[in-house]
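Hi everyone, thanks for making time today. Let me put the structure on the screen, and then we can walk through it together.

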Amino acid sequence: MRRNCALTPGQLLKFYIALVCLSLTVATGFLLAGVKIILIFTAIELTAVAAGFLIYCRHALDFEEIEISGTRLIVRKFIAYKEAVIEFNTRWVRLSRPEEHQKVFFIERTGQSVELGQFLRREQFKKLLAELRPYLG
């Protein structure tokens, strides 16, 4: 299941450029009025916003995907620009039963497990588990 993100990194860059232009316009107005210290505050503001956007961009494209084809169960995870593809046989895997407060579940096989569900809301979480159970061993 893929998660829809609010902004792609390209859209975020365009937004940041617009924000820089707006901040520099305001700073220029204050600078013309004789308030030179505004340049320091504008630099601090834009640096802090840039740091926040970089952190956001690192995870904006993260997703988890489950594909079932016959007896093959393929899990793809793309987290922080690192992709992992794990393949299971549906006859040999089981779903861990998550506790009430857990936000994730595990697909497990002897010696191998993968954590899933971190991008799901609570109502989606139970629905996904119910959809997967008939396909597994």
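Let's start at a turn: in the hairpin formed by S2 and S3, two residues sit between the strands, and Ala-80 has a positive phi near 50 degrees. A word on names: helices (H or I, at least four residues) and strands (E, at least two) are DSSP runs, numbered from the N terminus. Before going on, please keep in mind that this is a predicted model, where local features need pLDDT of at least 70, side-chain atom pairs count only at pLDDT 80 or more, and totals for chains, interfaces and linings use all residues. Residues are numbered from 1 along each chain as its sequence is written, and side-chain values use heavy atoms, with hydrogens and water left out.

Strand S2 (residues 72-79) and strand S3 (residues 82-89) run antiparallel and are joined by eight bridges; two strands count as paired if DSSP finds at least two bridges between them. Arg-72, for example, stands opposite Asn-89 in S3.

S1 pairs with S2 over seven bridges, in the antiparallel sense, and Ile-66 stands opposite Val-75 in S2.

Now to another sheet. This open sheet of three strands has the order S4-S5-S6, again with antiparallel pairing. Strand S4 (94-95) and strand S6 (112-116) are at the edges with a single partner strand each, so one side of each has no neighbour in the sheet. S4 is joined to strand S5 (residues 105-109) by two bridges: Arg-94 stands opposite Glu-108, and Leu-95 stands opposite Ile-107. S5 and S6 pair over five bridges. Phe-106 has Glu-115 in S6 as its bridge partner, while Arg-109 stands opposite Gln-112. These two strands also form a hairpin with two residues between them, and Gly-111 in the turn has a positive phi of about 80 degrees.

What lies across S4 and S5? That is helix H3 (residues 122-132), running at about 25 degrees to S5.

Let's move to the other helices. Helix H1 (residues 9-32) packs against helix H2 (residues 38-59) at an angle of about 170 degrees, with their axes 10 Å apart. That makes H1 roughly antiparallel to H2, a label for angles over 145 degrees. The contact (heavy atoms within 4.5 Å) includes Phe-15, Tyr-16 and Phe-30 of H1, and Leu-46, Val-49 and Phe-53 of H2. By class, the contact has 18 nonpolar, two polar and one charged residues. Here Ala, Val, Leu, Ile, Met, Phe, Trp, Tyr, Cys and Pro count as nonpolar, Asp, Glu, Lys and Arg as charged, and the others, Gly among them, as polar.

One last stop. Which residues line the largest pocket? Among them are Arg-97, Glu-99, Arg-122, Phe-125 and Arg-133. The lining divides into four nonpolar, no polar and six charged residues.

Technical notes. Axes are lines fitted to C-alpha atoms, for helices over the stretch in contact, and angles run from 0 to 180 degrees between N-to-C directions. Angles under 35 degrees count as roughly parallel, over 145 as roughly antiparallel, 65 to 115 as roughly perpendicular and the rest as oblique. On a 1 Å grid over the protein atoms alone, a cavity is a set of points where a 1.4 Å probe fits but cannot get out, and a pocket is an open set with protein on both sides within 12 Å along at least five of seven lines; lining residues have an atom within 4 Å of a point.
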